[in-house]
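Subject: The structure for you to look at

Hi,

Here is the structure I promised to pass on. Have a look at it first, and then read my notes below.

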Amino acid sequence: MRIRHAAVAVLATMTLGLAGCGGSGDKPASDSVSGTVTLQTWALTPKFTDYLNQLISGFEAKYPGTKVQLLDQPGDGYADKVLSQAASNTLPDVINLPPDYALPLARQGLLKDVSKGAGVDLDSTYVAGGIDAYKYSGLGSAVYAYPWYLNTDLDYWNTKQFKACGLDPAKPPATTDELFAQAATMHAKCPDNFLMSRKPDATDFTRAGIPILSDDGKKFVFNTDQAAALVDRYKDAFQKGYLPSSVLNSDYQGNSKLFTQGKVAWSTGGATGLADFQKDNPSLKGNVAVTNALDTPPLYVQGVSVSAKSKHLATATALAEWVTNADNQNKFGHLVNIFPSTSASASDPYFAKDDGSELAHARVLAFNELKTAKSLAPYELNQDMQTILDQQIALALKGSVTSRKALDDAVAKLNQMLSRQK
């Protein structure tokens with residue numbers, strides 16, 4: 001399942017001016033749960049057609065007089081499709097949106113604040129990180145989607161390399177501080193082996209408690225002494241040889257690929273990562289330990305938003321809550337490698353009980369992480385911005401510029417880009 005999404009700058013910039021458009025909101029919205037509404041999903045058919053049909057049938061049975069029309073969009077070009085719908089006033093009543101796609105629509109008043117007039121209590125129904133993912137800087141406490149399905153990362157460690165390089169495979173790093181310490185130990189014992197294999201990014205600032213965006217969402221603010229000290233720490237590790245030199249290359253393969261090849265001793269991945277590693281490299285079987293993610297686990301979110309322009313707002317709201325209730329999310333989570341966003345799902349043994357198998361152990365670890373997992377970078381930080389930050393950090397690690405100058409330059413460029421989105 002596709003769960004990670006880079007923010008799309010074109011969606012943010014081209015929706016400017018849409019707030020004044022009319023469309024499906026030209027007539028008063030109905031206060032009763034009745035009438036026909038549209039549900040738009042993203043690349044779920046034909047694989048999950050049966051599930052979606054059952055989902056819709058259940059809703060229509062619970063609310064006689066309602067009808068749900070399913071729209072499933074292809075995987076490619078979804079952001080452009082949503083943009084076109086918004087511009088032409090044909091945004092579906094209920095629409096699957098990741099947080100970065102929902103942000104520009106929320107700014108233009110096109111999505112309902114589901115924290116108001118909801119039929120469920122958000123805080124007691126969904127995990128906190130899922131709700132927070134749809135709160136945006138500068139938009140107050142509003143929530144612009146019901147969290148639907150989630151994912152997170154676990155850490156995977158090559159125990160064979162640990163044993164050979166003076167580390168205890170039963171005690172791999174649990175924090176970033178421990179990662180640096182054990183990377184030094186590995187390098188001293190095995191100079192050609194690597195425990196660390198990526199340079200820092202914005203998520204590392206969040207883990208260290210460094211603000212990335214101002215509270216009003218108007219500017220990036222991560223060019224601080226604390227952030228520069230963090231980059232300096234990675235710079236020192238890189239120049240001492242704790243990281244492979246390829247991490248600064250534009251064609252860097254990533255730690256997952258190098259881990260699979262047995263070239264580095266640590267990687268991150270989803271709950272099914274172990275099976276993928278072993279499939280691609282059978283020699284890893286029996287030589288990989290899985291633990292929770294370092295420090296604060298990352299959260300990857302898909303949500304269900306309600307169009308503020310819906311003619312049947314009560315029906316659309318009820319449908320979004322139906323799609324994301326614990327029972328329906330649990331059923332979906334049994335079909336695909338994702339996790340439900342509902343707190344009540346902890347009573348489902350499939351997610352909460354470790355039966356001793358490697359897959360179940362990883363699944364339970366990941367599910368339990370969701371209680372504390374967070375979106376580690378603001379969705380205003382789109383892919384183009386991340387590329388600029390990545391380039392500046394690479395210059396700092398090479399020693400071409402100081403860490404503070406790299407961050408100052410990145411913030412200056414990113415704030416120019418951010419101002420064009422507003």
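Which residues touch the most other members of the largest nonpolar core? They are Leu97, Leu105, Tyr134, Tyr136, Tyr156, Leu319 and Phe332, in a core of 76 residues. By "nonpolar core" I mean a set of buried Ala, Val, Leu, Ile, Met, Phe, Trp, Tyr and Cys residues joined through side-chain atoms within 4.5 Å. "Buried" is under 20% relative accessible area, "exposed" is over 50%, and "partly exposed" is in between, with a 1.4 Å probe and protein chains only. Helix H13 (residues 313-323) gives this core its largest share, 6 residues. Helices (H or I, at least four residues) and strands (E, at least two) are DSSP runs, numbered from the N terminus.

Before you go on, keep in mind that this is a predicted model: local features need pLDDT of at least 70, side-chain atom pairs count only at pLDDT 80 or more, and totals for chains, interfaces and linings use all residues. Residues are numbered from 1 along each chain as its sequence is written, and side-chain values use heavy atoms, with hydrogens and water left out.

Setting aside neighbours within four places in sequence, Leu97 is in contact (heavy atoms within 4.5 Å) with Val82, Ala102, Leu105, Leu111, Tyr134, Gln302, Gly303 and Ser305. In soluble globular proteins, nonpolar side chains tend to be buried together.

**The disulfide**

How many disulfides does the structure hold? There is 1, where a disulfide is a pair of cysteine sulfur atoms within 2.5 Å. Cysteine 165 and cysteine 190 form it, with their sulfur atoms 2.2 Å apart. The torsion about their S-S bond is about -105°, so the disulfide is left-handed. The two cysteines are 25 residues apart and link distant parts of the chain: cysteine 165 is in the loop between helix H7 (159-164) and helix H8 (176-189), and cysteine 190 is in the loop between H8 and helix H9 (202-207). Both cysteine 165 and cysteine 190 are buried.

Asparagine 255 is in helix H11 (residues 255-260). Why does asparagine 255 count as buried? Because its relative accessibility is 10%. Leaving out neighbours within four places in sequence, asparagine 255 is in contact with Ser197, Val264, Trp266, Ser267 and Thr268.

Glutamine 278 sits in helix H12 (residues 273-280) and is buried too, at a relative accessible area of 13%. With the neighbours within four places again left out, glutamine 278 is in contact with Leu284, Lys285, Gly286 and Glu358.

Most residues other than glycine have a negative phi, and most peptide bonds are trans. Where is there a cis peptide bond? From threonine 45 to proline 46, with omega near 5°. Proline 46 is in the loop between strand S1 (35-42) and helix H2 (49-62). Alanine 43 lies in that loop between S1 and H2; its phi is a positive value, near 55°, and alanine 43 is partly exposed, at 31% relative accessible area.

Aspartate 295 also has a positive phi, near 55°. You'll find aspartate 295 in the loop between strand S7 (288-292) and strand S8 (300-306), partly exposed with a relative accessible area of 34%.

Happy browsing!
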